[in-house]
Amino acid sequence: MLKEVSFGGSNEFDIRLILYYLALISIGWITIFSTSYNPAAEDFFSLGNAYTRQLIFIGSSFVIAILILLLKGQYYSFLAYPIYLFCLLVMILVLFIGTEISGAHAWIKIGSFSIQPTEFCKFATALALAKFFTEGKTLQEKKNTWLVAFVIVLFPVLIIMLQKDTGSALVFSSFIFLLYRIGLTGWILVTGGAAIALFLITLYWNEVYAIALVTTIFVVFWILNRKNRRKLIRNATIYGLALVFIVVADISYNNVLQPHQKMRIDTLLGKVNDPQGADFNLNQSKIAIGSGGWIGKGYRSGTQTKLNFVPEQHTDFIFCGIGEEWGFAGSLIVCLLLSGLVLRILRLSERQRDPFTKYYGYGIAGVIFFHFFINIGMTIGLLPIIGIPLPLISYGGSSLWAFTIMIFVFIKLDYR
């Protein structure tokens, strides 16, 4: 069985990654066509059709992929920091000249097309982190390694928050997998999980209940460790940080999140029941996916998606079209393809002799996994709706171009 294909040299491009890529974008276009095609339309290939525009995006993505493969692999390491800084500057520029779409001021409009620079900043951040961790460092620089790494991730997050695009900002938390692979202590992951739990407790009840819970836990540990001064100081520090976190979480929820974002969280937690409002997208999504059964209703036979009952069915909720038309079997195939893509990148990353390629691979694998895990999770009601696309499948040029760049830069680096 062929695993790799040669392009005239001693090295080889990984054919499995390319096949995963082609399969996913094909499924995406077929689904977009099925859910958006209007037989009454006069012009089949009109730019007013989502499937026509997506076809243009796919064609331009092929051009981008070929150009990437033709460039020398050394360029990506050499230009890592300039690309990162350029993306940050463009995102800052968006704050002044950008266009607001779906509540996020994160788009640059060019004619009838819109570009979201945030998507490309995920790629740039993966490059910058890979470059940073492969540079030789003095002893003093090594002491600040994790601090600088967090700052590299934090800069784009702050800008994205100013753009009011919380969903995209959360994607950057996926870089924690890269940091953990490089050597970040596992306690950071435990702390992150505890922070999420504390955040949900604060929102589900209120800050008073959360403070009472934290205080009770602190008293128990104080009694258990009352004879150990060092542990008492450590516990007191954690207790203080937990109290600060609860206050910040409450303030952020009430003053930073947009009203529709707060409503989505409230409905997911069961605090609010709004079937015609905040719950509408999720309810229609679950109806569409559930109606598909085991093998689906058949191609272009989905009633929920064809009749536009599902909002954002080309972008954030495109998985509904797959679930309704192809059922559990089709949904499983998509999940397996996405999982195979991520696992293949991880496997190739692990075998690399070049640390830059290894770290870059882990970075983009985390981003792709976060996207598909969260997107599918939110369409079936397991996770809050935060508005991020399904990789290579959802409609949109920015997302498709960005994932194309991520994947084919890695293919080129692996070839090298």
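Let me begin at Lys164, which sits in the loop between H7 and helix H8 (166-171). Helices here are DSSP runs of H or I with at least four residues, strands are runs of E with at least two, and both are numbered from the N terminus. The model is a predicted one, in which local features need pLDDT of at least 70 and side-chain atom pairs count only at pLDDT 80 or more, while totals for chains, interfaces and linings use all residues. Residues are numbered from 1 along each chain as its sequence is written, and side-chain values use heavy atoms, with hydrogens and water left out.

Lys164 has a phi near 65 degrees, a positive value in a residue other than glycine. Most residues other than glycine have a negative phi. With a relative accessible area of 42%, Lys164 is partly exposed; buried means under 20%, exposed over 50%, and partly exposed in between, with a 1.4 Å probe and protein chains only.

Leu392 also deserves attention. Its phi is near 70 degrees, again positive in a residue other than glycine. Leu392 belongs to the loop between H17 and H18, and at 3% relative accessibility it counts as buried.

I turn to the chain as a whole. The protein chain holds 18 helices and five strands. Of its 416 residues, 46% count as buried. Among contacts with a separation of 6 or more, 69% join residues 24 or more positions apart, contact meaning heavy atoms within 4.5 Å.

What of the interior? The largest nonpolar core has 95 residues, of which Tyr360, Leu392 and Phe408 touch the most other members. Such a core is a set of buried Ala, Val, Leu, Ile, Met, Phe, Trp, Tyr and Cys residues joined through side-chain atoms within 4.5 Å. Another core, of six residues, lies apart from it and includes Leu198, Ala210, Val214 and Ile246. Beyond its neighbours within four places in sequence, Phe408 contacts Ile18, Tyr21, Ala65, Ile68 and Leu69.

Next, the helix packing. Axes are lines fitted to C-alpha atoms, for helices over the stretch in contact, and angles run from 0 to 180 degrees between N-to-C directions. Helix H17 (residues 355-379) and helix H18 (residues 397-415) have axes that come within 10 Å and cross at roughly 150 degrees. The two are therefore roughly antiparallel, a label for angles over 145 degrees, with under 35 as roughly parallel, 65 to 115 as roughly perpendicular and the rest as oblique. Their crossing is left-handed: the near helix is turned anticlockwise from the far one by less than a right angle, whereas clockwise would be right-handed. Among the H17 residues that meet H18 are Tyr360, Ile364 and His371, with Met406, Phe410 and Leu413 among those on the H18 side.

Helix H1 (residues 15-36) packs with helix H16 (residues 318-350) at an angle of about 160 degrees, their axes 10 Å apart. That crossing is left-handed as well. Ser349, in H16, is buried at 0% relative accessibility. Setting aside neighbours within four places in sequence, Ser349 contacts Thr357, Lys358, Gly361, Tyr362 and Phe410.

I close with the cysteines. How many disulfides does a search of the whole structure find? The number is zero, a disulfide being a pair of cysteine sulfur atoms within 2.5 Å. The sulfur of Cys87 has its closest cysteine sulfur in Cys121, 5.2 Å away, which is too far for a bond. Cys87 is buried, with a relative accessible area of 10%.
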